[in-house]
Amino acid sequence: MKVSFAAAVLAMLLSDARAQQVPSRSSISDVSSSNAAIEQVVEEPAVSTHQNLRRRANVFSSNNNNASVDVIVVLKDEGRRRKLAGIGQKTSAERKAAAEENKAAASAAATSMGAVARFAYGSALYGFAAKVPPGLLKQIEADPRVAYVEEDRIVQLDPREMVEDRRRLAPPPGKGPNKDDGGGGDGDGPAQSTPWGIDRVKGGNTCADCGKAWVIDSGVDLDHPDLNVDVENSVTVFGRKSTPNDENGHGTHVAGTIAAIHNEIGVVGVAAGATVVSVRVLDRQGSGSYSGVLAGIEHVYLNCVDSDVANMSLGGSFSQTINTAVETASASCPFVLAAGNEGRDASGSSPASANGPNIYTVSASDSSDRFAYFSNYGSVVDYAGPGVSIDSTWKNGGYNRISGTSMAAPHIAGILLVGNISTDGTVRGDPDGKPDPIGVC
């Protein structure tokens, strides 16, 4: 496992001309019902999925008191931080009660500093996210209650994960754009096949007694016929006008690799038929913010159990707050992280560089066990998984083939649902000279 210390996530960004309008403030409350939204005033912005994170024009580092800045503020309160350290060992009800107390205190701290919390954090992190008015940033940084302030940044889906093969297998009858005509696409839907990656990791058996897979991503197709989705525990961070349903496709693809049902249609997942939970932190364009991702991490931390697994096929440049949040939340269940697609050392990426005994960072390999040319590498990587030309489920009841470390990570997540991870050989051509072991069931 890797070694670093980091946490948090960054505030909902004002959407661009293509996105919905973003109101000026928000707050967060725990999710409690089907299709629940993590409550905030910010509506769905233009934010994205995997690992091509872009900074927000250096507004934070060059603030000239003329522009508002989106920030994550991490608070010091040692008493509350000690309480946070024990949350993972408490029952779900105890965790939520402690988190609510901390969130209320964090929100009050924001108010006393002259800020309005968009998100308040009370479990994986103690602090808040806010848009800071002109001139206020230096005051907040100097406040003795503040540990540090980090700029909120965009998480953006790498376009390379979406364009390798636009072939979309026809959805089954009653799904997809032609569902009202009795069919989902050009045919009756694909007969079931087993993707090469599922065979490579020795998965595909029905997993009747598995835990749940918490997919922190663009959402999951809530009524996909090839997935068992826990709708009640699924959430969105984009406000009450949004739902946990996947409008991008990326998260549904991840979910299918983990747990697509062993039936007569589509594909098979590693832990076939296991329950998946949608934690939607990315919009229809595959975009999100670190502040929203942190809210998703907190939801998982407060609701998962040790037999579950969380998958994060997203990320960007190094963030102390993101890494800390993942490291804290991994006390409740394993976290599986995509290494990233920039072809560089993953130690400069988050959450890929997060470290802990219950954290697994995954690089990508092809069907010949060769290291994928795009995959990040380095000492922070624990395992390699199939990540080239991966068939899986897609939005609107469909299927798609794409590549990326986002596709490799859910193979490892599925293995962890089935049981302990084993290895079968190593990848060839690992750039760091230390070939990653290939994880298998």
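Is Cys 210 buried or exposed in this structure? In the predicted model, Cys 210 is buried, its relative accessible area being 18%, and this residue is joined in a disulfide to Cys 207, with 1.3 Å between the two sulfur atoms. Cys 207 is likewise buried, at a relative accessible area of 13%. The torsion about the S-S bond of Cys 207 and Cys 210 is about 50°, and the disulfide is therefore right-handed. A disulfide is a covalent bond that links the sulfur atoms of two cysteines, and the count for this model comes to one.

Cys 304 takes part in no disulfide, since a pair of sulfur atoms must lie within 2.5 Å to be counted, whereas the nearest cysteine sulfur to that of Cys 304, belonging to Cys 333, is 3.1 Å away. Cys 304 is buried, with a relative accessible area of 1%. Cys 441 is also in no disulfide, the nearest cysteine sulfur being that of Cys 207 at 8.6 Å, and with 28% relative accessibility Cys 441 is classed as partly exposed.

Nonpolar side chains tend to be buried together in soluble globular proteins. The largest nonpolar core of the model has 63 residues, among which Ile 297 and Phe 335 touch the most other members. Helix α7, spanning residues 290-303, contributes the most to this core, with eight residues. When neighbours within four places in sequence are set aside, the residues in contact with Ile 297 are Ala 124, Ile 216, Met 312, Ala 325, Val 326, Ala 329 and Phe 335.

Conventions:
Residues are numbered from 1 along each chain as its sequence is written. This is a predicted model: local features need pLDDT of at least 70, side-chain atom pairs count only at pLDDT 80 or more; totals for chains, interfaces and linings use all residues. Side-chain values use heavy atoms; hydrogens and water are left out. Buried means under 20% relative accessible area, exposed over 50%, partly exposed in between (1.4 Å probe, protein chains only). A nonpolar core is a set of buried Ala, Val, Leu, Ile, Met, Phe, Trp, Tyr and Cys residues joined through side-chain atoms within 4.5 Å. Helices (H or I, at least four residues) and strands (E, at least two) are DSSP runs, numbered from the N terminus. Contact means heavy atoms within 4.5 Å.
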